[in-house]
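Hello,

Here is the structure I promised to pass on to you. Have a look at it first, and my notes follow below.

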Amino acid sequence: RVRVRDELRPAGNGTGRPDGDCPAGSDWVVHAPQPQEIFDPSVAADGEPPGWIWLEGTIRAIDGEVRLCDGLDGACNTSAQVTGIDPAKADGARGLFLGRVLDHVVENLVIVPNPPD
């Protein structure tokens with residue numbers, strides 16, 4: 001479960017109902033990635049400034065560390081290191097992700113299920 005909140009105005013939840021202290025009648029803010037916003041993990045980790053970005057790829061455990069591999073086919077020719085995920089539970093997830101780049105590593109990686117078309 002992922003909760004994204006603004007300190008001054010908390011967000012709702014995926015059910016469309018307010019979550020916690022979200023004011024009734026609050027508008028949803030949805031950000032869908034544009035093609036130029038989706039990055040190859042290896043390029044993003046090396047070239048993007050610190051911050052949150054959209055990524056596309058497949059999570060794999062390789063040599064005891066978690067990698068976000070470029071592409072959705074399971075190959076791992078290029079990748080970026082991901083922290084915070086147990087390597088024993090890392091294989092298989094693929095699709096669009098939000099992650100935070102910091103010091104050439106992807107942190108706080110979150111898969112985005114069923115992104116809007």
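How many salt bridges does the count come to? By the rule used here (a side-chain nitrogen of Lys or Arg within 4 Å of a carboxyl oxygen of Asp or Glu), the count comes to two. Before the details, please note that this is a predicted model, in which local features need pLDDT of at least 70 and side-chain atom pairs count only at pLDDT 80 or more, while totals for chains, interfaces and linings use all residues. Residues are numbered from 1 along each chain as its sequence is written, and side-chain values use heavy atoms, with hydrogens and water left out.

Arg67 counts as buried at 19% relative accessibility (buried is under 20% relative accessible area, exposed over 50%, partly exposed in between, with a 1.4 Å probe and protein chains only). Glu65 is partly exposed, at 28%.

Arg100 forms a salt bridge with Glu107, and here the closest N and O atoms are 3.0 Å apart. Arg100 is partly exposed, with 31% relative accessibility.

Two loop residues may also interest you. Asp63 is not a glycine, yet has a positive phi of about 50°. Asp63 sits in the loop between strand E2 (51-62) and strand E3 (65-70); strands are DSSP runs of E, at least two residues, numbered from the N terminus. With 80% relative accessibility, Asp63 is exposed.

His104, also not a glycine, has a positive phi near 65°. His104 lies in the loop between strand E5 (94-102) and strand E6 (105-111), and is exposed at 51% relative accessibility.

Best wishes

Terms used
Helix = DSSP H or I, 4+ residues; strand = E, 2+ residues; numbered from the N terminus.
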